[in-house]
Amino acid sequence: MAFPVHRPRRLRATESIRALVRETALAPDDFILPLFVCPGEGVKREIGSMPGNYQMSTDEIVKECAEVASLGVSGVILFGIPETKDETASGGYDDQGIVQRGVRAIKREVPKLIVMTDVCNCEYTSHGHCGKVVAGEVDNDATLEWLAWSAVSHARAGADIVAPSDMMDGRVGAIRKALDAEGFARVPILSYAAKFASCFYGPFREAAESAPQFGDRRGYQMDPANGREAMREIALDLEEGADMIMIKPALPYLDLIRQARDRFEVPIAAYQVSGEFSMIMAAARNGWIDRTRAMMESLTSIRRAGADFVLTYFAKDAARLLA
Ligand code: PBG
């Protein structure tokens, strides 16, 4: 029996009834804000392709984090813009590196805010690839050592969670082993388990000054066409000891967030990446789309697909709206 007995519109008649039957809710503590930390003092340089996002020195980052915490946002994830880059990504695993200094400053001033670190080499290598380049190729096994050193160094600085994003095979296991050996058994790993070779990282690479100087990342990041392989990547990372997993980007990969939700019991994160953010901002600036509604609709969709939390450049604005 269908219409006229069944009229789904009955439950859409007023905002009160819509709120009563709403299936997906957003809250400020669903969000993690990505931040870019750079050397210097009093530095706050806006990133051209990402309005409202900045490269910030540690003193400015601390101020930003105080505001982030006051809005009820769960935490931040730090990316570093080092003074210098080299062939061995040494700035990435230096205890005096830019991310390590940033973590220490934030944990000192805003201790309750969760500080995650992105564990990768592309911001620190002169060639911009995510690992050690040997004969024109990124060498998987040689890169694992750098990643393990970086994660340990971040943990030593006080990072609450480390998040490897390089897509080398075996890196979660290598990082877990190194953290445990150095006395950081309590530090969780959020693995960027299914990270795709996506054009939507374009604005980020301007922000982090990390575009590869030759070739691309398709030899290590995933083919956007592959969903089964994403489930395999997640399963492998969990076997290696990942505590939480991430799908990235978010909106073009909602099907995989849902599949992962149905298959795995661990917390799932999704990264609404720079290009997803910048598309909404650009369309809004042209008057082609309502910025606030596009922000909330996209975040709601990512949560509805099954993500427990979202890394998003909208974290502060969305939290403000939900307050
Ligand atoms: C580092 C890293 C990237 C992003 C997060 N971690 C860039 C890349 O893989 O090229 C992208 C985030 C974004 O676009 O917002 N490997």
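Tutor: Helices (H or I, at least four residues) and strands (E, at least two) are DSSP runs, numbered from the N terminus. This is a predicted model, in which local features need pLDDT of at least 70 and side-chain atom pairs count only at pLDDT 80 or more, while totals for chains, interfaces and linings use all residues. Residues are numbered from 1 along each chain as its sequence is written, and side-chain values use heavy atoms, with hydrogens and water left out.

Student: How many helices and strands does the protein have?

Tutor: The runs just defined are counted along the protein. The count is eleven helices and twelve strands.

Student: What radius of gyration does the protein have?

Tutor: The radius of gyration is taken over C-alpha atoms, and the globule rule is 2.2 Å times the number of residues to the power 0.38. Those C-alpha atoms fill a box of roughly 70 × 45 × 40 Å along the principal axes. For 323 residues, a compact globule would come out near 20 Å, and the value for the protein agrees: 20 Å.

Student: What percentage of the residues of the protein count as buried?

Tutor: Buried means under 20% relative accessible area, exposed means over 50%, and partly exposed lies in between (1.4 Å probe, protein chains only). Accessible areas come from the Shrake-Rupley method with a 1.4 Å probe, and for residues only the protein chains shown count as cover. Of the 323 residues, the buried part is 54%.

Student: Which residues form the positive surface patch?

Tutor: Patches are made of residues with over 30% relative accessible area and no salt bridge; like charges are joined within 9 Å, and nonpolar side chains (Val, Leu, Ile, Met, Phe, Trp, Tyr) within 5 Å. Lys and Arg count as positive and Asp and Glu as negative, with His and the chain ends not counted, and a charge is placed at NZ of Lys, CZ of Arg, CG of Asp or CD of Glu. One member, Arg9, is in the segment before helix H1 (15–21) and counts as exposed because its relative accessibility is 69%. The positive patch consists of Arg7, Arg9, Arg10 and Arg12.

Student: What accessible area do Leu11, Leu20 and Val21 have together?

Tutor: Val21 is found in helix H1, and counts as partly exposed at 38% relative accessibility. With Leu11 and Leu20, Val21 forms a nonpolar patch on the surface, and the three together have about 300 Å².

Student: Is Glu60 buried or exposed?

Tutor: Glu60 and Lys63 lie three residues apart in helix H2 (residues 58–70), about one turn of the helix. Their side chains meet in a salt bridge at 3.1 Å, N to O; a salt bridge is a side-chain nitrogen of Lys or Arg within 4 Å of a carboxyl oxygen of Asp or Glu. Lys63 has a relative accessible area of 54% and is therefore exposed. Glu60 has 14% relative accessibility, so Glu60 counts as buried.

Student: How many residues apart in sequence are the parts that Asp308 and Arg261 tie together?

Tutor: The side chains of Asp308 and Arg261 meet in a salt bridge of 2.8 Å, N to O. Asp308 lies in the loop between helix H10 (291–305) and strand E12 (309–312), and Arg261 in helix H8 (residues 254–263), so the parts tied together are separated in sequence by 47 residues.

Student: Which residues do salt bridges that share partners join into one network?

Tutor: The structure holds 20 salt bridges. Asp308, from the bridge with Arg261, is partly exposed at 33%. The network joined through shared partners consists of Glu64, Glu67, Arg291, Lys316, Asp317 and Arg320.

Student: What is omega for the peptide bond from Phe3 to Pro4?

Tutor: Most residues other than glycine have a negative phi, and most peptide bonds are trans. Pro4 is in the segment before H1. The bond from Phe3 to Pro4 is cis, with omega near 10°.

Student: What is phi of Met167?

Tutor: Met167 lies in the loop between strand E8 (161–164) and helix H5 (171–181). Met167 is buried, because its relative accessible area is 3%. Its phi is positive, in a residue other than glycine, and is near 70°.

Student: What is the relative accessible area of Glu209?

Tutor: Glu209 lies in the loop between helix H6 (202–208) and helix H7 (228–239). Although not a glycine, Glu209 has a positive phi of about 50°. Glu209 is partly exposed, with a relative accessible area of 44%.
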